[in-house]
Amino acid sequence: MAICEHLSSATDPSPRTPEGCEECLAIGSPWVHLRRCLTCGHIGCCDSSPNKHATRHFHEVAHPVIQSYEPGEQWRWCYVDNAMG
């Protein structure tokens, strides 16, 4: 099975808020795990977090690929194709 076009063309932007979820930091909310958008570097919280900011970012701006922003994890996920990379 071939890797989806979004995963194969994903970039490696610098994290916009390396200290945590951009929106949670602004509102003082906790998060569980972090995800980095591979289009713009947005750091958002995962779907196990109360606010699900990483997925919300995808729905708002349609950037297709995120990568785990957890130490030791390298996986990537394409929202458009529901594919792991």
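Arg36 sits in strand S1 of this predicted model. Its relative accessible area is 8%, so Arg36 counts as buried, the cut-off for that class being under 20%.

The surroundings of Arg36 can be read from its contacts. Leaving aside residues up to four places away in sequence, Arg36 touches Asp12, Pro13, Pro15, Gly41, His42, Ile43, Val65, Ile66, Gln67 and Tyr69. Two of these neighbours deserve a separate look. At Pro13, the backbone oxygen is reached by the side chain of Arg36 at 2.4 Å. With Asp12, Arg36 forms a salt bridge in which the closest N and O atoms are 2.9 Å apart. Strand S1 covers residues 34–37, while Asp12 belongs to the loop between helix H1 (5–8) and helix H2 (22–27), so this pair ties together parts that are 24 residues apart in sequence.

Side chains of opposite charge can pair when their charged atoms come close. How many salt bridges does a search of the whole structure find? The search returns two. Besides the pair of Arg36 and Asp12, there is a salt bridge between Arg16 and Glu22, whose closest N and O atoms are 3.0 Å apart. Are these residues buried, exposed or partly exposed? Arg16 has a relative accessibility of 43% and is classed as partly exposed. Glu22, at 26%, is also partly exposed.

Conventions:
Residues are numbered from 1 along each chain as its sequence is written. This is a predicted model: local features need pLDDT of at least 70, side-chain atom pairs count only at pLDDT 80 or more; totals for chains, interfaces and linings use all residues. Side-chain values use heavy atoms; hydrogens and water are left out. A salt bridge is a side-chain nitrogen of Lys or Arg within 4 Å of a carboxyl oxygen of Asp or Glu. Helices (H or I, at least four residues) and strands (E, at least two) are DSSP runs, numbered from the N terminus. Buried means under 20% relative accessible area, exposed over 50%, partly exposed in between (1.4 Å probe, protein chains only). A polar contact is a pair of N or O atoms within 3.5 Å; within protein, one must be able to donate a hydrogen and the other to accept it, and residues adjacent in sequence count only if both atoms are side-chain atoms. Contact means heavy atoms within 4.5 Å.
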